[in-house]
Amino acid sequence: MNPLTVPTPATTPASIPVLVPAPTPVHLDIAESGPVLHVRLAPSAQDDTLSAAVLDELIAVLDGLHERPDIRILVLSSHGDDFSLGADRQEYQDALTTDPTGAALRRIADKAHRMCQGLENTHAITIARLHGKVVGAGLALAAYCDLRAGADTCRFRMPEVGVGLAPTWGGAMGRLISEAGAARIRELMLTCEVFDAVTAHRLGLLHKVAPLDELDDTVAAWTRPLARRSPEALVLTKRMLTGYAKATRTADIALLDAHLLTAQLTAPRTSM
């Protein structure tokens, strides 16, 4: 059962809060260990894409954390062979087929922005545990985590330009630039070059690199001391860091990403 709870409309006196279990997630595996919440993508180990259904469940988890100050750390990982292969592009095409105006596609894209903002703004310290391929939206998702550890066999790629799309998922361009620097992110986005864990570490996209069989120990080396820290000191420091990072991108246009993506995909195709 999903350990997170959500308020339900009161049918008893207002002084007695009523909490019911949140719907059991289908696309996530969720477990608690003291103050640590473990959220794993692809519980069937077969679907490594970030579909709208996955985003809905991640948003629900992050919203639920507002009522769980006892959860201090969120570890995001995956059961699949890869951490994430990115957005579900077939879902984009299906949304356009169903609604050629692009309104349905915008709703999907807006979910990505809401989820990324939820990661950035939650009180919990967020940790990405990465393995296998970390592609496109998967890298964006990881970039919004506070700390990132990856297996030495990880392979990263930003493929959007190569498949004819602008990198507009979740407002991640600004986050990636503030984390790794404009020059290298520009190169990797324009060339769609595959890069390894060592390169990701050098750029600041990974804080730690470890052999796959030591990756859990690497993450635990963070969670154990974090669990002992003052909760108020942690959340205040996280929000200060977020504020300073956002100050470097005062012209943040992330809210336009859904519109930019939809405008591009609904535009008539012209031959060159």
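Q: How much of the chain counts as buried?
A: In this predicted model, 48% of the 272 residues count as buried, meaning under 20% relative accessible area with a 1.4 Å probe, protein chains only. Local features need pLDDT of at least 70, side-chain atom pairs count only at pLDDT 80 or more, and totals for chains, interfaces and linings use all residues. Residues are numbered from 1 along each chain as its sequence is written, and side-chain values use heavy atoms, without hydrogens and water.

Q: Which residues have the most contacts inside the largest nonpolar core?
A: They are Met 115 and Trp 169, in a core of 70 residues. Such a core is a set of buried Ala, Val, Leu, Ile, Met, Phe, Trp, Tyr and Cys residues joined through side-chain atoms within 4.5 Å.

Q: And what does Met 115 touch?
A: Leaving out residues up to four places away in sequence, Met 115 touches Leu 55, Leu 58, Ile 59, Leu 62, Leu 141 and Trp 169; contact means heavy atoms within 4.5 Å.

Q: Changing topic, how many helices and strands are there?
A: The chain has 10 helices and 13 strands, taken as DSSP runs (helices H or I, at least four residues; strands E, at least two).

Q: How does β4 pair with β3, parallel or antiparallel?
A: Strand β3 (residues 28-33) and β4 (residues 36-41) are antiparallel, with six bridges; pairing requires at least two DSSP bridges. Asp 29 is bridged to Arg 40 in β4. The two strands form a hairpin with two residues between them, and Gly 34 in the turn has a positive phi of about 60°.

Q: What about β4 and β6?
A: Those strands run parallel, joined by six bridges, with β6 covering residues 73-78. Leu 37 has Leu 74 as its bridge partner in β6.

Definitions and conventions
Buried means under 20% relative accessible area, exposed over 50%, partly exposed in between (1.4 Å probe, protein chains only).
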